[in-house]
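Here is a short note for a colleague who is opening this structure for the first time. Please keep the viewer open while reading.

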Amino acid sequence: MIMLSFHKSRAFLVLLMISALISSIDCQEATYNAHICLGAANDTASANFRSNLSAQLSSLSSKATVDSFYNDSSDGIYSLYLCRGDVSGSTCQNCVDTAAEEIQERCTSKKSAIIWYDQCMLRYSDTNFFGEEQTSPRLLMWNTKNTTSPDEPNFAALALIYNLIVQVPKSEEKFGTDESVTESRYALVQCTRDLNSSSCTSCLSELSKAIQGCCQGKIGWRILAPSCNLRYEQTLFYVQQSPPPTTPVPPQPDNGESNMNIYLGTARNSSHLLRLD
C-alpha cells in the first residue's frame, strides 16, 4: 500500500512538471524593447485621468486572450494593443498585462505614451488616433554584425520584405512572415488592424525606406512605429505555422514527352537603438 502510494505521488509530480513545462513554453515572458512618453512637458495628467486610464488598460488587457488586436475609448482616452500575429493567446495577454502596468509606471504623468515589446505593443492618448497612419516616433534596432557586402543593399532581405508589403495589407490580420530556410533568412511585417489596406501599405513602405539609411548592411534589423513594424533576421524569431496538407498529384501517363515539375510556395542579437522623431 505504501509502495503504491509512492508511485502514485511520483507519477503526479511528473505530470505536474510536464504541465508546468508546457505552460511555460506556451506563455513567453514579455521582452521589453523601448517606450516613449509623449506630449508637452507641462501637459500633465490629472489624478482623474490616471484613474480612468488604469481602468481602461485593465479592461483592454482582458481581451488579449481572444484577440491579437483591440482598441477602445472612454472618458476621452484612446488606447490599443497589438500582439505579434504568431504568439499564443496566453503570451499575448501576459505581454499586454505587463505593458499596461509598465507604461503607467514609466509615463506616470503623461497623457500619451507608447511601449514596445518583442511580443506586443501598447499605446494610449488623450486624442483620437484610431485609423490614422503614424510612422513617428519610430525606433530602429539592428545587429552589430555586417553582411559580407555591407556597402551594398541586401537584396535577398529586401525581396522578402517587399513581398510581404504587397501581400500583408490585403489580409484580415495584417500580419505575415516570409522566409528562405536554405539561406537562413526570415522576415516579418505587421500593421495595426484599425488601418485600411492603403494606409498599411503606406506605413510599411515608409519604414522600408529607412532601412537604407540605417542598417541595410547589417545581418538583422527591425523598425518599430505606432502603426506598423517590420523585422528581418538570419535566425528564426517567430513561431512557424504548419503548412496546409498538400494533395498528391496523380502520375501522368508516359507519352514520350519530358515532364517538368515546378513548385511555387512561400519561401517562408546584440542591437543598436536609435530614435527618430
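The points below go from the whole chain to its cavities and then to some backbone details.

1. **Overall.** This is a predicted model. The chain has 277 residues, and 41% of them are buried. It holds 5 helices and 11 strands. Its accessible surface is about 15400 Å². Carbon and sulfur atoms account for 53% of that surface.

2. **Largest cavity.** Rolling a probe the size of a water molecule over the atoms shows where empty space is left. The largest cavity holds about 210 Å³ of space. It is lined by 19 residues, and those closest to its centre are Arg84, Tyr117, Asp118, Leu224 and Asn229. Two or more lining residues come from each of β3, β4 (112-117), β5 (120-125), β8 (185-191), β9 (221-224) and β10 (228-233).

3. **Make-up of that lining.** Which strand gives the most to the lining of the largest cavity? It is β10, with 3 residues. By type, the lining has 11 nonpolar, 4 polar and 4 charged residues. Domain 1 (32-125) and domain 2 (139-233) each supply at least three of the lining residues.

4. **Second largest cavity.** This one has a volume of about 40 Å³. Its lining consists of Leu80, Arg123, Phe129, Glu132, Thr192, Asp194, Leu195, Pro226 and Ser227. These divide into 4 nonpolar, 2 polar and 3 charged residues.

5. **The β2-β3 hairpin.** Strands β2 (residues 69-74) and β3 (residues 77-83) run antiparallel and are joined by 6 bridges. Ser74 has Ile77 in β3 as its bridge partner. The hairpin has 2 residues between the strands.

6. **Two positive phi values.** Most residues other than glycine have a negative phi, and most peptide bonds are trans. Asp75, in the loop between β2 and β3, has a positive phi near 55°. Lys174 also is not a glycine, and its phi is positive at about 50°. Lys174 sits in the loop between α4 (155-167) and β7 (175-180).

7. **Buried or exposed?** Where do Asp75 and Lys174 fall on this scale? Asp75 counts as exposed because its relative accessibility is 58%, over the 50% cut-off. Lys174 counts as buried because its relative accessibility is 9%, under the 20% cut-off.

8. **A cis peptide bond.** Ser136 and Pro137 are joined by a cis peptide bond, with omega about 0°. Pro137 lies in the loop between β5 and β6 (138-143).

Notes:
Residues are numbered from 1 along each chain as its sequence is written. This is a predicted model: local features need pLDDT of at least 70, side-chain atom pairs count only at pLDDT 80 or more; totals for chains, interfaces and linings use all residues. Side-chain values use heavy atoms; hydrogens and water are left out. Two strands pair if DSSP finds at least two bridges between them. Helices (H or I, at least four residues) and strands (E, at least two) are DSSP runs, numbered from the N terminus. On a 1 Å grid over the protein atoms alone, a cavity is a set of points where a 1.4 Å probe fits but cannot get out, and a pocket is an open set with protein on both sides within 12 Å along at least five of seven lines; lining residues have an atom within 4 Å of a point. Grid points are joined across faces, edges and corners, and a volume is the space filled by probe spheres set on the points. Ala, Val, Leu, Ile, Met, Phe, Trp, Tyr, Cys and Pro count as nonpolar, Asp, Glu, Lys and Arg as charged, and the others, Gly among them, as polar. Domain bounds come from an automatic or database domain assignment. Buried means under 20% relative accessible area, exposed over 50%, partly exposed in between (1.4 Å probe, protein chains only). Accessible areas come from the Shrake-Rupley method with a 1.4 Å probe; for residues, only the protein chains shown count as cover.
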